[in-house]
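Please read it alongside the sequence and the coordinates.

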Amino acid sequence: MKGIMSFFFPYKDYTYRESMLLLWLRVIFGVLFMVHGIVKMKYFSEIVGTFPNPLGLGSEFTLYCIIFVEVACSVLIVCGALFRIALIPSIFSMIVAFFVVHSGEGFAAKELALIYLVMFLILFRMGAGSYSLDNVIARRMYVAEL
């Protein structure tokens, strides 16, 4: 259990610059991603019939899932809370968007999904930074072990 907890709440001493960069990336990309979900929520009834169903789960269920990822997971990403857990569905949704939903389209249609995918992978690897709720949890776990 300790290994899983340290994976999801890694304790790392970040420099001020690293922490500020990660904070800005989390906020900017998290809010931008959230806007996509809010628009989907607002126009749910208009888009549900034509929303892609790449995994065969049904358009309505898929749209609910994407709204959850783009809104709820974005809030967690911005706050740096359950950061890596929130990034997993975000990364998965961008993989599906890039490689499945927009597979037959030109690069311009895939570009945004690729940008989010790359950014989410970088954030997953780097962690949330010092200015995150996960870092507070990790610091407390680390101190409790001493």
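In this predicted model, helix H5 gives the lining of the largest pocket its largest share, which comes to seven residues. The pocket itself has a volume of about 550 Å³, and the protein around it is built from seven helices and zero strands.

**Largest pocket**

- The lining of the largest pocket takes in 25 residues, and those that lie nearest the centre of the pocket are Ile 66, Glu 70, Ser 93, Met 94 and Ala 97.
- Two or more lining residues are given by each of helix H2 (16-42), helix H4 (59-79), helix H5 (83-101) and helix H6 (107-126).
- Sorted by class, the lining of this pocket holds 19 nonpolar residues, together with four polar and two charged ones.

**Largest cavity**

- How many cavities of 30 Å³ or more does the model contain? The count comes to one, and the space in the largest cavity is about 80 Å³.
- The residues that line the largest cavity are Phe 8, Pro 10, Tyr 14, Phe 83, Arg 84, Gly 127, Ala 128, Gly 129, Ser 132, Asp 134 and Asn 135, and the elements that give two or more residues to this lining are H5 and helix H7 (133-145).
- By class, the lining of the largest cavity divides into five nonpolar, four polar and two charged residues.

**Nonpolar surface patch**

- Val 31, Val 35, Val 39 and Tyr 43 make a nonpolar surface patch of about 320 Å².
- Is Val 39 buried, partly exposed or exposed? Val 39 counts as partly exposed because its relative accessibility is 43%, a value that lies between the 20% limit for buried residues and the 50% limit for exposed ones.

**Overall build**

- Read from the N terminus on, the elements of the protein follow the order α-α-α-α-α-α-α.
- Taken along the principal axes, the box filled by the C-alpha atoms is roughly 55 × 30 × 25 Å.
- The protein has 146 residues, and buried residues make up 38% of them.

Definitions and conventions
Residues numbered from 1 in each chain as written. Predicted model: local features only at pLDDT ≥ 70, side-chain atom pairs only at ≥ 80, totals over all residues. Heavy atoms only, no water. 1 Å grid on protein atoms, 1.4 Å probe; cavity = no way out; pocket = protein on both sides within 12 Å on 5 of 7 lines; lining within 4 Å. Points joined across faces, edges and corners; volume = space filled by probe spheres on them. Helix = DSSP H or I, 4+ residues; strand = E, 2+ residues; numbered from the N terminus. Nonpolar A, V, L, I, M, F, W, Y, C, P; charged D, E, K, R; others polar. Patch = residues over 30% accessible without salt bridge, like charges linked within 9 Å, V, L, I, M, F, W, Y side chains within 5 Å. Areas by Shrake-Rupley, 256 points an atom, 1.4 Å probe, with all protein chains shown as cover. Salt bridge = Lys/Arg side-chain N within 4 Å of Asp/Glu carboxyl O. Buried < 20%, exposed > 50% of the residue type's maximum accessible area, 1.4 Å probe, protein only.
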